[in-house]
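Could you look through this entry with me before we discuss it? My notes are set out as numbered points.

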Amino acid sequence: MSTTTFAHWSTQDTPAGPFTAVVAADGAVLGSGWTADPAELTAVISPALQPSELRERRDLGPVSKAVRRYHEGEFDAIDLIPVRQHSGEFLQHAWDVLRTIPAGKPVTYSDYAALSGRPQAIRGAAQACARNAAALFVPCHRVLRIGGALGGFRWGLDVKRWLLDHETGVG
């Protein structure tokens, strides 16, 4: 049963491509990523949080502002935006941990597993990244393979590389 009756969505242009966010009535991000199609986002939102109706809104207030500020170089602009995801205890905790990884300081999947309190759960850490519905606000792009290889990213490796370069001043 859905706990969210409706949600708003908006797409804005960014240097990395169109970015869409789906936001609950209380302002919490339910899903976000580099797509112009909100259906791509609702497909990855937990069934427990699925909105029954989506309403387009030109501007999502603090969420849209944070996206603009992040892309302008204020990387901490995304930190205080509330996010709502639903899963088991480890994934919930791992998503919270992702929000503590500083911009410009990516970690490996092994490091991320250790930071999440389960150093042997490297696959679990990778699963947390793969199942993250709130890209950017839960910055899974900051997790890399050992040796610096990008690994995967739902929104494409070009976007992941752009984000990492942007955060380190390379781009």
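1. Basis. This is a predicted model, in which local features need pLDDT of at least 70 and side-chain atom pairs count only at pLDDT 80 or more, while totals for chains, interfaces and linings use all residues. Residues are numbered from 1 along each chain as its sequence is written, and side-chain values use heavy atoms, with hydrogens and water left out.

2. Fold. The protein has 6 helices and 6 strands, where helices (H or I, at least four residues) and strands (E, at least two) are DSSP runs numbered from the N terminus. In sequence order the pattern reads β-β-β-α-β-α-α-β-α-α-β-α. The radius of gyration, taken over C-alpha atoms, is 15 Å, close to the 16 Å that the globule rule (2.2 Å times the number of residues to the power 0.38) gives for 171 residues, so the protein is as compact as a globular protein of that length.

3. Of the 171 residues, 49% count as buried, that is, under 20% relative accessible area, with exposed meaning over 50% and partly exposed in between (1.4 Å probe, protein chains only). Among contacts (heavy atoms within 4.5 Å) with a separation of 6 or more, 57% come from residues 24 or more positions apart.

4. Helix pair. Helix H3 (residues 89-98) packs against helix H5 (residues 122-130) at an angle of about 75°, the axes being 9 Å apart; these axes are lines fitted to C-alpha atoms over the stretch in contact, and angles run from 0 to 180 degrees between N-to-C directions. H3 is therefore roughly perpendicular to H5, a label for angles of 65 to 115 degrees. On the H3 side the contact includes Phe-90 and Trp-95, which are among the residues that meet a group in H5 including Gly-124 and Cys-129.

5. Arg-142. This residue sits in the loop between H5 and strand E6 (143-144). Is Arg-142 buried or exposed? Arg-142 counts as buried because its relative accessibility is 3%. Beyond residues up to four places away in sequence, Arg-142 touches several others, including Tyr-70, Ile-101, Ala-103 and Glu-167.

6. Ala-103. Ala-103 is partly exposed, with a relative accessible area of 26%. Apart from neighbours within four places in sequence, Ala-103 is in contact with Phe-75, Arg-142 and Glu-167.

Methods
Angles under 35 degrees count as roughly parallel, over 145 as roughly antiparallel, 65 to 115 as roughly perpendicular and the rest as oblique.
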